[in-house]
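Subject: Structure handover

Hello,

Here is the structure I promised to pass on. Please open it first, then read my notes below.

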Amino acid sequence: MSVTPEQSARTVLVTGGGSGIGRAMSIAFAALGDRVVVADLSEETAAKTVAEIQAAGGTATALRVDVSDEESVAAMVAATVSAYGSLDVLCNNAGVLDSMGVLEDISLAEWQRTIGVNLTGVFLVARAALPHLLESKGSIINTASEAGIRGGCGGPSYTASKHGVVGLTRSIAYMYREQGVRANAICPGGVNTNIVQGEMSEQGFGRLAGVLMNAGAMAEPEQMASVAVFLASDAASYVNGAIMPVDGGWFAG
Ligand code: NAD
């Protein structure tokens, strides 16, 4: 898949860019010549991704953001446009896992945290970015999950949040289809990142590990980033509202 240089003169905003899939997306877009804003709750990891990009000759800026906070999101989008003058591609990628417990064990606080980051975060960032994306006829790539298209691979709040991201993606795609803004979602299966190594409970990991054996192996973050690059490119100019499993065949089964 080739991407033309003209296509690459874009501003790309990646949330959760300090780690895992978002880091890989940031590096992949920067390698194409795009200007990348790496936004994360952790300023330190965002800065690390930016340092990697700059060491490779790319252009990037680090920002701290809490995607579940309206003011923080508004400041991030304003800083992006003020740094680079436009916003062409939004990768709504920041996310947290829940405890993978059964429904009776999910506290309201846990529910609200997961929905707040994974779903409300995507809404807030997309809403703040839209005026700029309408101007640039840009595109949105939401990182949903396999848990956005089936019920057996995340806890209740994570699964509900990611199903919400899928619905929101379709809504945006349909709503803005005549105005040239596209929205698509990728649904990773298991990807080798901190979220599966750190936050997941032993019980949850066991459940996922069974699934990963079905897929053959866990993916690397770069295998998600390459799909985001495609979805943001002119090669995908007629791809809108797609909910794309990137899971080694798990969903197919
Ligand atoms: P990760 O933990 O490596 O990265 C997530 C990043 O999001 C972190 O850098 C974290 O600091 C950031 N973040 C968390 N809360 C935030 C907030 N409130 N505001 C801003 N940033 C915040 O995990 P990852 O696997 O790279 O996750 C990226 C996305 O992929 C998530 O949305 C996750 O749900 C999704 N996903 C991951 C897998 C997997 O197997 N790794 C599978 C399906 C979907």
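First, a definition: a residue is buried if 20 or more other C-beta atoms lie within 10 Å of its own, exposed if 12 or fewer, and partly exposed in between, with C-beta atoms placed from the backbone. This is a predicted model, in which local features need pLDDT of at least 70, side-chain atom pairs count only at pLDDT 80 or more, and totals for chains, interfaces and linings use all residues. Residues are numbered from 1 along each chain as its sequence is written.

Most residues other than glycine have a negative phi. Lys137 has a positive one, near 50 degrees. Lys137 sits in the loop between α4 and β5 (139–143); helices (H or I, at least four residues) and strands (E, at least two) are DSSP runs, numbered from the N terminus. Lys137 is partly exposed, because 13 other C-beta atoms lie within 10 Å.

Met100 also has a positive phi, near 65 degrees. Its loop runs between β4 (89–92) and α4. Met100 is buried, because 24 other C-beta atoms lie within 10 Å. Leu97 is in the loop between β4 and α4 too. Leu97 has 21 C-beta neighbours inside 10 Å, so it counts as buried.

The core

The largest nonpolar core has 62 residues. Such a core is a set of buried Ala, Val, Leu, Ile, Met, Phe, Trp, Tyr and Cys residues joined through C-beta atoms within 7 Å. Leu90, Ala129 and Ala228 have the most contacts inside it. Helix α4 (residues 108–136) gives the largest share, 10 residues. Beyond its neighbours within four places in sequence, Leu90 touches residues including Leu13, Val125 and Ile140 (contact: C-beta atoms, placed from the backbone, within 7 Å).

Helix α1

α1 has 12 residues and spans 17 Å from first C-alpha to last. That is close to the expected 16 Å, which is 1.5 Å times one less than the number of residues. Is α1 largely enclosed or open? It is largely enclosed by the rest of the structure, because 11 of its 12 residues are buried. Just after α1, Gly33 takes a positive phi of about 100 degrees.

Around the ligand

There are 31 residues around the ligand (C-beta atom, placed from the backbone, within 6 Å). Gly16, Ser19, Gly20, Gly95 and Ile195 come nearest. α1 (20–31), α4 and α6 (194–199) each supply at least two residues of this shell.

Best wishes

Terms used: Contact = placed C-beta atoms within 7 Å.
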